[in-house]
Amino acid sequence: MKLPVLRRRQDRELDDEVRSHLRLAIADRVERGETPEQAARAARREFGNVTVVKEVTREMWGWTAIEQLLQDVQYGWRALRKAPGFALVAIATFALGIGVNTAMFSVINAVMLRPLPFPRPERLVDVSGVDKRPEARIRSVSDSWPDFFDWRARARSFQHLSAYNPTAFTMMLDGRAVHVPGAVVSSDIFSTLGVQPAIGRAFRLDEERAGSDVAVISDTLWRSEFGAAAGIVGTTTSVNSRPFTIVGVMPPGFRYPISSPAPLIWITVAEHARGDDPMTTQRGAHFIKVLGRLRAGVPVAAAQAEMDAIAAAQEKEFPEDNAMRGIKVTPELERLVGDTRQPLLILLVAVGCVLLIACANLANLLLVRGASRGQEMALRLALGASRRRVIRQLLTESAVLSAAGTAVGLILAAWSVRLLVQIAPAGVRGLDELSIDGSVLAFTALVGLISGLAFGTLPAMAGSRTDPRRGFDADARATSGRGHGRLRSILAIAETAIGVMLLVGAGLLLRGFYRLSHTDPGFDPSRIVTLKFNVPESRYPYLKQIALYDQMLADLNGVPGLEATMAAPLPLGGSRFTISFEPPGAPTPQSRRPSSELGIVGPGYFREMHIPFIAGRDFMAADNDAAPRVVIVNQSFARQFLAAGDPIGQRIRPSMSTTEKDAPLREVVGVVADVKQRTLDEAGRPQYFIPYPQGLVTTLFLVMRTATPAAAVEQARQAIARRDPELAIYDVRTMDEIIAQSTGSARFQTLLLTLFAALALVLTAVGLYGVVACGVAQRTREFGIRLALGADPSRVLQLVLAQGLRMALIGVSVGLVAAAFATRLLGAALYGVGPLDPATFAAVVVTLLLVALMASFVPARRATRVDPIRALRAE
Amino acid sequence: MAASRYRNRIELLQGTLDLLILQTLQWGPRHGYGISQAMRTVSSDVLQVDTGSLYPALHRLERQKYIRAEWTVSDRNQRTRVYELTAAGRRQLLEERSRWEQLSAAIGSILAHPAESAE
């Protein structure tokens, strides 16, 4: 507030200057012989109009424009202070609208807009294999090391092309076995990302060869486990029971792959190059991701064209593994945003609607206020204020309102962002780093400004149109009010319509989510607890690992009240294996074999999970490595892939082997019911199961059914430690938790949209109430006369209620039509509920009409209690 | 309304009034009243400057840094605001004077040959 101070001093000096001028003139005249009174009068006359002289002089200072603005702002502020109730409701309404928009935008900013935290992130691309077979459900698939090595040698579009496989290791830290998230990477992953280690060096190309056991660790691990030791480089640490030399420490905050939990250690592909039949030579082993950095000036389309050519060449060169395989180049950010784009945009539209409703409410409030200030405006116009000046003044007033509302809204947003982080589903990039940063602030300022103008313009125009002559009539309030009445009704109808749309959307999502979370998963999740423990391959070759599992299960199944088995992947656990197989009948070439999801399970798995058998038997301990190869399939698998007739006894040949040279035929010994495998809303999906002693291709979960999960986990921990104290257990979750996590995104979206719809409903109710109440206030005299003439109060009540309901009905009709179109956008989020679900639509209509009735009832009651004498005297 | 009447007058006199103020201040610092009195005396009562033109002109010239103002105590022991030419003001005065001389010479030569304009 420096300007006004300076300005006031200038003002005082001008006063002094004028005064000294007059004194000098008077003194001159007195000297010439005039009486002091004559002199004073003459000097004043000669000087002219002091006020005007000062005014024109002041204009020379160049303050006028700023001053008028300050004056308007001050005036607006004072006007609001004089009507605290109005100001409170208006600011609260606007703050809600701005608050939810800011919070929602901060989510969109963090997930979709904020660039990846690497130099030139726009040049980072994901390079994924594509399954081109027409029946493939998942188009984008993982890659294999041999394919990656070929691409790296051939592709010219990339400055760097690197591969990674997020995984976890068991490290010995301070004598404890610790499960540590990390990644197996190609040597130039850090160059691809454009980040070099803060200490030491990155990997060299020759360290991709088997036997180079080197590691780069994260800043976090360096600080927490190595005491931030300066001499860390060159020391060794135990990873999966082998000594690794630490060659570098990444800078703080570095995180890739961008997944939760953050990786703490990176080792090279040398890890996958070990053994007789290493992953680095298996072209069919698709499990890695490829990340490229485009050369400067190479567009994604050019890289795509080059990779298309390479894919076509590979299809010919390696028809066994690469037939019907393409390659897709996607900007890395786009890949990370993935499926979250649609739900987020829907939510953004929803908060936009909330803001629209808030603006309609504010416009209404201002109109009502404008009507009650008709006299004031008439006076200003009569005194010569230009219409422009009055509009500007009214607009400034709404700008003050919107500024205050925006400020409060920001506080609301900052608070709700903290809440959002709590309920956000796991695994969405950026959601754990929600914040109100510069771009969010800019967005909020812009939205605040635009909506301030939006809700202020209409009432300002209407207010300035007051007719000065009629403004002073005794009836001024009623006259100007009736003119704006239609405008106010239209606004109330519009916000009702928008509210209906939001409510229908939220209602459908709620019904969908209810349906989803009450879907029978096909197994009984209650009292099931699962955990994992890392078994280092170096000390547990295939048969030893099976022996370890057998011993563990024997130990745990001896505990009373405990059922234990092994399995992977877990249903709804988020991961899956898909392996191709030769169906019963004639031999099929690799490229034409169907594939299906596979489960590796222990004996008694189906019994423990309460998955019913349709035919045949469960796996038993006798189905071991020495026994004939067996397989259990689910109903969908039997229907889709097995020959007609009895499924038991048919043979399939999954493309996997363990101890045999070639993949063996496996005999179907049982058929089980389908379970929900990937999502609760999926239809039956073919799956087949192999007992772990006959095909262990992954780390298994220990699955226990128990009435006392905590005790069971402790028993498992002890049983494992007894066998091998170097094995770390991790990922302890109950089956109910796993299922809840699988519906996390749906819950997030449903919760938020419901919240927004509730907000919209409240705002709509306030809006309807405002319009009806104002109508009653304006018709006070009319109601007074009616009642005085003996009208039945219930008739007056009906009259007012009818006015509110009429608006609500029109709004609801318009809203229903709009909703019928808009709900199509929700599509997949509805989980089988139709976008025109009649129950939801009916519920929304009833809810809104009830709310409208309540909103009108309060002013209607007031109308019946109008005291005729007071009503007439008030005028 | 009143303000705009004065404003028109300023615009008419602008330039000329500025020149006269700068010229008057050439002989030393003066306050507003002194400037108006000096102009009146020197022009033998022909030029009477409106305060409504004078003060805006003074404040404008001050903002343009051609003159600067200072509060002093006058010979009659009164606090007055006194204006004084700056270096820039002196240069401006020279410039405006030569422009005025050119203009009046041009006008003078037109007025000296009334016949030519009639042909």
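Two residues are in contact here if their C-beta atoms, placed from the backbone, lie within 7 Å.

## Model and numbering

This is a predicted model, in which local features need pLDDT of at least 70, side-chain atom pairs count only at pLDDT 80 or more, and totals for chains, interfaces and linings use all residues. Residues are numbered from 1 along each chain as its sequence is written, while chains are lettered from A and ligands numbered from 1 in the order in which they are written. Helices (H or I, at least four residues) and strands (E, at least two) are DSSP runs, numbered from the N terminus.

## Where chain A touches chain B

Let's start with the contact between the chains, which takes 18 residues from chain A and 20 residues from chain B. On the side of chain A that touches chain B, α1 (2–31) and α3 (50–59) of chain A each supply at least two residues. The largest share of that side comes from α1(A), with eight residues.

Sorted by class, the side of chain A that touches chain B has nine nonpolar, five polar and four charged residues. For these classes, Ala, Val, Leu, Ile, Met, Phe, Trp, Tyr, Cys and Pro count as nonpolar, Asp, Glu, Lys and Arg as charged, and the others, Gly among them, as polar.

## Two partners of helix α5 in chain A

Two packed helices are described by the angle between their axes and the distance between the axes. Axes are lines fitted to C-alpha atoms, for helices over the stretch in contact, and angles run from 0 to 180 degrees between N-to-C directions. Helix α5 (residues 84–113) of chain A packs with helix α15 (residues 438–464) of chain A at about 140°, their axes 9 Å apart. The pair α5(A) and α15(A) is therefore oblique; angles under 35 degrees count as roughly parallel, over 145 as roughly antiparallel, 65 to 115 as roughly perpendicular and the rest as oblique. Among the residues that meet are A:Ile98, A:Phe105 and A:Leu113 from α5(A), and A:Val440, A:Phe443 and A:Val447 from α15(A). By class, this contact of α5(A) with α15(A) has six nonpolar, seven polar and no charged residues.

With helix α12 (residues 341–372) of chain A, α5(A) packs at about 165°, again with axes 9 Å apart. These helices, α5(A) and α12(A), are therefore roughly antiparallel to each other. The residues of the contact of α5(A) with α12(A) divide into 21 nonpolar, four polar and two charged.

## Helix α5 in chain B

Helix α5 (residues 87–112) of chain B has 26 residues and reaches 37 Å from its first C-alpha to its last, close to the 38 Å expected. That expected span is 1.5 Å times one less than the number of residues. Of the 26 residues of α5(B), two are buried, so this helix lies largely in the open. A residue is buried if 20 or more other C-beta atoms lie within 10 Å of its own, exposed if 12 or fewer, and partly exposed in between, with C-beta atoms placed from the backbone.

## Backbone points to check

Most residues other than glycine have a negative phi, and most peptide bonds are trans. A:Arg120, in the loop between α5 and β1 (124–131) of chain A, has a positive phi of about 45°. With 13 C-beta neighbours inside 10 Å, A:Arg120 counts as partly exposed. A:Asp174, in the loop between β3 (158–173) and β4 (176–185) of chain A, has a positive phi of about 55°. With 6 such neighbours inside 10 Å, A:Asp174 counts as exposed.

The peptide bond from A:Tyr256 to A:Pro257 is cis, with omega near 0°.
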